[in-house]
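Please examine the protein and its ligand shown below.

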Amino acid sequence: MTARHDAVRIIEAKRDGRELDDDEIDWMVDGFTRGVVAPEQMSALAMAICFRGMTDREISRWTTAMVDSGTRMDLSGLTRGGVVVPTVDKHSTGGVGDAITLVLTPLLATWDVAVPQLSGRGLGHTGGTLDKLESIPGWRADLDTDEMRSVLSRTGAVICAAGADLAPADRALYALRDVTGTVASIPMIAASIMSKKIAEGTGALVLDVKYGSGAFLPDPAEAAELARVMVGIGAASGVRTSALVTANHTPLGRAVGNALEVAECLEILAGGGPDDMVDLTCELAREALAAVGISDADPRARLGDGRAMDSYRAMISAQGGDPDAPLPRAAHTEQIRAATTGPLRWDALGVGRASWLSGAGRTRPGEAIDPAAGVVLHRVEGDHVHAGEVVATVHAGDEGRLPAALDELAAALGTGADRGPAGAVTGRRRGW
Ligand code: URA
């Protein structure tokens, strides 16, 4: 039998609903990484997994195979001020307006921990953490491992791009899933996220598993299931993992777009900012700190007293950024007004798409983005508005992008009973 036939047999097995054994999973992931399994074969298997699902054992093994496709970092002896500190990280499954990493990472670093945050760039309507930070003049995402460890030791916090050797099987598979309609699969989302976090070498992890129109999974029950599966994978791999299940039916905060979200994060680090962002940041901080044995933490106090801001400035400077430099501003803005009177609703997906159309997001990997583009909401879900009142502003460097973004934003705007704030925590799970 040739390798091509082995792959066909494994695809057929999953197509017919059979549980794959460990050897089959290892062989398939390794073969795909080495180019022995063709992309069309891996795509077919991904689609079969979408329909048939995977058992917890298969998902764990698939995750381990993806971790083993590259190198696993060892951060166990990392020191700050000469003292070994625990590592703790946070990951969000992605939502509209979710810039919490920019605040949470330096906030956590005000305790004696290290936060190794390996992040990605955005694709489609959800923004990427690196794109947001790249709107800060001078800031660099690409650090080698020595630089990353050095920034972590000096400041306790680093946010940088994952190296090419971190779970390369996931990198290649994610690119395929993106163009074959196979992203929205609980086993594959869980394995994709957890393989990167396990390979990164963090000792503890808090997950923000989002549901609603702005998230990968619209349904809260599916998000709760994703949380269960990811926490189980973390526990099986020795990472102290917990998850909050949170709402993203409407955008988190008021800003959607790269520099606009950085500006909002600076407000939070200065002790202000939107309540939904502050509340969720503090919830995630308490959960992350509990995982490393710090149970009496008061994150809100450290946002208010300047410690988190000092930590952020140190982290940005250590990566070449100028925390005092003005952020880019769009040359063109246009406002949108409420059409009717009543309690306002914003649909997260629509607002995310409006920001993307204004130039803040990319259609293909590697495409340039407009750092200043995006949407600022002046009134948020649940606010009572009057017809004709200004409720949002679209920002764009390219004036020609404004009409489509405004149309999309108008379609995202509605009225109706309050559905509660973005970021509301509706489920929790701990694996330790
Ligand atoms: N984020 C990831 O890293 N992988 C997924 O599959 C979905 C979201």
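The largest cavity has a lining of 23 residues, and those nearest its centre are H125, T126, G127, S355 and A360. A cavity is here a set of points, on a 1 Å grid over the protein atoms alone, where a 1.4 Å probe fits but cannot get out; lining residues have an atom within 4 Å of a point. The model is a predicted one, in which local features need pLDDT of at least 70 and side-chain atom pairs count only at pLDDT 80 or more, while totals for chains, interfaces and linings use all residues. Residues are numbered from 1 along each chain as its sequence is written, and side-chain values use heavy atoms, with hydrogens and water left out.

By this rule there is 1 cavity of 30 Å³ or more. The largest cavity holds about 160 Å³ of space, where a volume is the space filled by probe spheres set on the grid points, which are joined across faces, edges and corners. Two or more residues of its lining come from each of helix 6 (129-133), helix 11 and helix 15 (348-360). Helices (H or I, at least four residues) are DSSP runs numbered from the N terminus. Helix 15 contributes the most to this lining, with 4 residues. By type, the lining comprises 5 nonpolar, 13 polar and 5 charged residues. In this division, Ala, Val, Leu, Ile, Met, Phe, Trp, Tyr, Cys and Pro count as nonpolar, Asp, Glu, Lys and Arg as charged, and the others, Gly among them, as polar.

A pocket is an open set of grid points with protein on both sides within 12 Å along at least five of seven lines. The second largest pocket has a volume of about 320 Å³. Its lining has 16 residues, with A259, L260, A263, V376 and H395 nearest the centre. Helix 11 (residues 258-269) gives the most to this lining, namely 5 residues. The lining divides into 10 nonpolar, 2 polar and 4 charged residues.

The ligand is surrounded by Y174, R177, I189, S192, I193, K196 and F216, where a residue is near a molecule if one of its heavy atoms lies within 4 Å of it. The largest share of this shell, 4 residues, comes from helix 9. Polar contacts are pairs of N or O atoms within 3.5 Å. The side chain of K196 has an N or O atom 2.4 Å from a ligand oxygen, and the side chain of R177 has one 2.9 Å from an oxygen atom of the ligand. For S192, a polar side-chain atom lies 2.6 Å from a ligand nitrogen.

Key:
Polar contact = N/O pair within 3.5 Å; in protein donor to acceptor, adjacent residues only side chain to side chain.
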